[in-house]
Amino acid sequence: MNPPLMDAAIAAHRFGLGEPSLAPIGRDARDWLLQQIGPADPARGEGLLDTRGGLALIAAERERRREARNPPPGMSAEQLLAGHYRDAIAADVRSHLLTPALSPRPYAERLQLFWVNHFTVSLLKGATRGLSGPFERDAIRAHLAGSFEEMLFASTTHPAMLRYLDNVQSAGPDSRVVEFEARRAARTGEGRRVTGINENLAREVLELHTLGAASSRPDAGGRATYTQADVTAFAAVLTGWRVAVEGPARELPFDPNWHEPGPKTVLGKRYPEGPDALRLVLHDLALHPATARFVCGKLARHVVADDPPPALVERMVAAWMRTGGDLPTVYRSLVESAEAWDPTPAKLKTPEEFVVSSVRVLGGAERVFARGDGAGIGALGQRVLAPPSPAGWSDRAEDWLGPDAVWKRVEWSTRAGERAGRLLDARALAAQSLGPRLTPTTQQQLERAADGTQAVALFLMAPEFQRR
């Protein structure tokens, strides 16, 4: 058992996102965390669109593109289109950072950040513009305290995911729309505009969101076995799930004209034709032992260590399987596992975590994140809301410790020191925030700092602040 103050420091910086003082946590750090488990708080910020508003923005952009073919006198097409999504994206970035920076429930916000990265939708693909923020709020935040199955269904069918992974272009080979296109092409001599099934979403749901990478041997390493035939069959289940950007909004984005008719067999189980099949497939995937192991392992790696203790992961998997993927139960099992409370800081903060935790400790979140430009996080190598691939951002220290990346952190810390060094006593702040994790070496460096600016920069770059 750790002393209460050490547990408070672990709760604040490993499970949470950093605190300026450990005093409010009290003597029972586990209870402080358990009290935070529950529905997510509303996202902070102004000018935030819901999913319907994001789709309306996309529809308006399409109209502008039509107008750009014949722009008004004195205006170029570029001028007409410029900045259409700028305000919405800036509001989403500001909210994405401001909400965890100001939240009184940092453990809940850490979980939110994990799931947003697990179910990645990236602004690097233009099709997600206007929908990335609504996806985070409507598909992830709204289901933070539900079951994994609920979050999986919400994320898979959200317009942002359907557009990001190209399911809007996926049509069954025997669907009505493909049949219509074949007749049109034969009549006009033009090429087909709809070509067939796209497997991107099916593959990523299996490999990145649920089962993990397929194994060539049954149950090898606790992984599921699935084949290319399973991916193709699941892609057929997903045909018809697409986005109606214009026209009346549907309750769920399913278009039967694009759906592949007939039953499909995925992982050895037969599913019916139609939209209900997707819910059935996702239900079975959510309850699959390989999904429990893959996702619990990722969550343990995110919170505790790059290579989490196997006993910790097993305890989380048992909680998952016992409750059918009830997320609050899994969150509690993580907090209640002794392995998660090793006092040695084992996780390097990603650039986003580093900046958010710095702002939580130093204060001034509204000012730092006011512009919605990411507050320099992009320069640290992690552009906000824009992961490089559907796999999301890396959660391992080795990918964030290159010489240039470390130097960028020094530069950011120095600028933070210039802003806050005259207002804060970094020596006292370090002791209050880190408690017994503050090492004599860092204490000595802070005492010898030339001024407040340097002291703040040294505090932020201290190993016990960079790692959690």
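Ala-375 is buried, with a relative accessible area of 15%. The structure described here is a predicted model.

- Ala-375 is found in the loop that runs between helix H18 (365-368) and helix H19 (403-420).
- The phi of Ala-375 is positive, at about 55 degrees, although this residue is not a glycine.
- Most residues other than glycine have a negative phi.
- Leu-385 lies in the loop between H18 and H19, and its phi is also positive, at about 65 degrees, although Leu-385 is not a glycine.
- Leu-385 has a relative accessible area of 9% and therefore counts as buried, the cut-off being under 20%.

**Lining of the largest pocket**

- A total of 28 residues line the largest pocket.
- Nearest the centre of this pocket lie Phe-114, Asn-117, His-118, Gly-392 and Trp-393.
- Two or more lining residues are given by each of these elements: helix H6 (106-118), helix H7 (132-140), helix H14 (289-303) and helix H17 (351-362).
- H6 provides the largest share of the lining, with 5 residues.

- Among the residues that line the largest pocket, 12 are nonpolar.
- The remainder of the lining consists of 9 polar and 7 charged residues.

Notes:
Residues are numbered from 1 along each chain as its sequence is written. This is a predicted model: local features need pLDDT of at least 70, side-chain atom pairs count only at pLDDT 80 or more; totals for chains, interfaces and linings use all residues. Side-chain values use heavy atoms; hydrogens and water are left out. On a 1 Å grid over the protein atoms alone, a cavity is a set of points where a 1.4 Å probe fits but cannot get out, and a pocket is an open set with protein on both sides within 12 Å along at least five of seven lines; lining residues have an atom within 4 Å of a point. Helices (H or I, at least four residues) and strands (E, at least two) are DSSP runs, numbered from the N terminus. Ala, Val, Leu, Ile, Met, Phe, Trp, Tyr, Cys and Pro count as nonpolar, Asp, Glu, Lys and Arg as charged, and the others, Gly among them, as polar. Buried means under 20% relative accessible area, exposed over 50%, partly exposed in between (1.4 Å probe, protein chains only).
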